Amino acid sequence: MREHLWHNLSADGTLLEIESSANGLTLREVEQRKKENGLNHLPQKKSDGLIKIFARQFMSPLIIVLFVAGILSAVIDEWVDAGVIIAAVFFNTIVGFVQEYKANKSLKHLRSLVLPRSLVRRDNREIEIDSRDIVVGDILILRTGDRVSADARVFESVELFTNESALTGESLPVSKTRDTFPENTQPADRGNMVFAGTSIVGGRGLAVVVATSGGTELGKIASLVESTKDEKTPLQTQLLNFARAIAVLILVLVVILFGAGLATGRPAIEMFSMAVALAVAAIPEGLAVSVTIILAIGMQRILRRKSLVRTLVGAETLGSVSIICTDKTGTITKGEMNVTHIATANHVFDLASVATNRARGIDEILRAMSLCNDAMIDGDTTRGNHTEQALLLGLREIGFDRETFAREYSRTAEIPFDSSRKYMVTAHASGQGSVVYLKGALSSISSFLGRVNVDGETTELTQELRELIEDQESSLTSKGLRLIAVAQKNTQSPIAHIKQDDLSDFIFYGFVCLSDPLRAEVRSQIQDASLAGVRTIMVTGDHPQTALAIGKEAGLIVNQNGVITGRELDEWSDEDLSDRISGISIFARVEPRHKIRIVRAWQSRGEVVAMTGDGVNDAPALKAADIGIALGSGTEVAKQASDLVVLDNNLGIITSAIEEGRVIFDNIRKTAAYLLADSFTEIVLIGGSILLGLPIPLLPVQILWINLVADCFPNIGLTLEPGESDVMRLPPRPRNEPVLNREMITLVFIIGIVTDLLLFALYVWLLNRGEDIQTIRSIMFAAVGIDSLLYIFAVKSFRRTIFRINPFSNLWLVCGVAIGFGLMAIAMFTPFLQQIFEIVPLALSDWVLLLIIGLIKLIAIEFGKEIFILS
């Protein structure tokens, strides 16, 4: 096969040489070619294996510091410290490995759910398949909105246009034909080829696959191998920079304390070990890993609510959404369109009566519904545009024989439907001439009309009759019905091509009326979103009266002042739109280009915008929005441009995803607060003792055990914290609000440090009593461990005290704390570990006292929250 010269072969010659046909391959041929060539996917970077993930844990700055400290401790014969440090290194490494492996596995599973699908013809049947199963010789059925998944030679084209910007950088639509091109034509100019990675932006066509996977033009470009990049999100970057700043600050404090210790006559070796322990304990190194885990878990929770987040950035941005711009069909309404009535210029018939009343031009409307239509019905399966599917189902309901008419009136030319044109035209052979059908929005086809059928008689379309038709339209749309205007004309000669200049002197026959019931739950969903500070805006291509009726029923608006059409938008500048947009609740008769302006206008007012879309022309608006939401029934192009794919076209699913986005950010804040507060406890104790010339209250090995072992499992439990009940009763988080907000600063640096001083006071009191230093350190070791394990309950909520929530609602957290207490008990009661940690068993009265102190501190923190945060 001449791999690079398919464009130079005729369409029939390509089918012959590729050993295929217009009917497609047989299933046996498909399986044979799949065995020979493998699956159709681009060369991908091999995912990190277990060994690489494990090895990467040793590249953490925390682990490097610990490892060096362990070696130096061994060099100076501090074998106990060295052993504990090395053990802590491997423990922390194993925990990090398990967490990263599970997070990567979760993200990999999520990405597998966004694999594109393709419509192909096999054994003369149209079937939808996973794009990875495409083989050379498959017949691709190309429709507007499809993403091309293999290189293919076009052999049928009807106004077929592609967007090849992913391959060539050219954003203008490229026309595709079945013509043959010269041998030396460059790929970008091969007008009879469609390429993997490009998208269909207009028309329809058929093409035979000539190359898959690495053999495609896209497969040869290394820079485009992976469509999903593992980049750090803005929040992860912000937290990483924040952790680094904290680390620098703590290291400076450690150096100061090290110098102060030497100045007060403490041994250099002792101070070195203490400095290492403090540095390791104080740096919140686990923050970045915790954020990744929270994001991955959040994405899984969103998936359980029937939404698929395609990017980590999308997961973290969801919680900030303040505006939802949504289509009407399928989100506010059920998306179950049904033909309810057929209307002429002056009469309206319900569908049941149409079956027995074919007078007054209704037959022509039924023929247009059948012939000017690209949808298909195969038994109980329907395929194609939802509106056109509804037309065919309506015909079937009244017993209209579509197949007979399709054979009698074969299609010879067409202008496919386009969301910007809002009409479709088809020409059909009829005797020696042609019959041409036109359907679409009345406002879009009105200029093509010259006559009208009234009570079975065709007459000139006067101004009076135009007003009659418009009144009919207004009456029907005010009831929430969606209308498709239908017109027809006959020609004396056959038509092989239709141009817009040919669209004139059509006879208007009437309207097809469709009903799409409101979702029962949508009114309460819009109210719930409003209580959360999220405003819902309807953006639809429907008639403004239809949109107004549905909007009122859904609870969006109460008068017509909040309805603006795309035509009115065209008369406004961007500044005008930005100034007026806050008073608009419904945008009707809009085109995809208007959606971008609507998104940018809201963004110019500081709002975080989520935009829904399903068509190929919606992709730019989905990209422009802070959160692009593709409907599950939408095109592959829309899904690839989106951040969130709603698997069930339901407005409530979007609101649920926003709720989970808020929970994600809440948990990130809680984890950050816990790790930071944990870091400063040892700084206060060690720093205070050095500055006052007192013995050090905790040994390095004791600090390492508390921070790297005992606190590890509670922190993991905190990443799994469920959302608080009031999370959707709060206003959206401002886009650039820092993680460390006022509540966290108050909790960590004010309340936290004040309560840490209580521990230091306990230490000074024990010293003044003349207790043995080993006993005192044993008490402080237990006290700090208990304090840290109880403190985690204080960060379960920044908005409520522990007295107003169930502290045991998160079983993972409770289990993590229990394991933490178990590890502290093992250290305290195991003779071998008692020698390593230089501690002695404590009396029961000591344990009771420490638990009381820990609970008093927790209660003090909660009262502090009540005073400083919640007041």
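1. In this predicted model, strand S24 (residues 609-613) and strand S25 (residues 627-631) run parallel and are joined by 4 bridges. Within this pairing, Ala-610 stands opposite Ile-627 of S25.

2. An open sheet of 8 strands has the order S8-S26-S25-S24-S9-S21-S23-S22, and its pairing is mixed. Its edge strands are S8 (307-309) and S22 (563-565), each of which pairs on one side only. On average, neighbouring strands of this sheet are turned by 20° against each other, direction ignored.

3. Strand S7 (residues 199-211) has 12 of its 13 residues buried and is therefore largely enclosed by the rest of the structure. S7 pairs in the antiparallel sense with strand S4 (residues 151-163) over 10 bridges, and Glu-156 stands opposite Leu-206 in S7. S7 also pairs in the antiparallel sense with strand S3 (residues 139-143), over 5 bridges; here Ile-139 stands opposite Val-208 in S7.

4. The buried residues of H29 are Leu-813, Gly-816, Val-817, Gly-820, Leu-823, Met-824, Ala-827 and Met-828. Seen down the helix axis, these buried residues fall within an arc of 135°, so they line one face of H29.

5. What caps the N-terminal end of H29? The cap is Asn-810, with a side-chain oxygen 3.1 Å from the backbone nitrogen of Trp-812.

6. Cysteines deserve a separate remark. A search of the whole structure finds 0 disulfides. Cys-325 has a relative accessible area of 0% and is buried, whereas Cys-815 counts as partly exposed because its relative accessibility is 46%.

7. Asp-363 is placed in helix H12 (residues 362-371). Is this residue buried, partly exposed or exposed? At 24% relative accessibility, Asp-363 counts as partly exposed, the cut-off for buried being under 20%. The C-alpha atoms of Asp-363 and Tyr-509 are separated by 9.5 Å, although these residues are 146 residues apart along the chain.

Notes
Residues are numbered from 1 along each chain as its sequence is written. This is a predicted model: local features need pLDDT of at least 70, side-chain atom pairs count only at pLDDT 80 or more; totals for chains, interfaces and linings use all residues. Side-chain values use heavy atoms; hydrogens and water are left out. Buried means under 20% relative accessible area, exposed over 50%, partly exposed in between (1.4 Å probe, protein chains only). Helices (H or I, at least four residues) and strands (E, at least two) are DSSP runs, numbered from the N terminus. The arc is that of the directions from the helix axis to the C-beta atoms. A polar contact is a pair of N or O atoms within 3.5 Å; within protein, one must be able to donate a hydrogen and the other to accept it, and residues adjacent in sequence count only if both atoms are side-chain atoms. A disulfide is a pair of cysteine sulfur atoms within 2.5 Å. Two strands pair if DSSP finds at least two bridges between them. Axes are lines fitted to C-alpha atoms, for helices over the stretch in contact, and angles run from 0 to 180 degrees between N-to-C directions.
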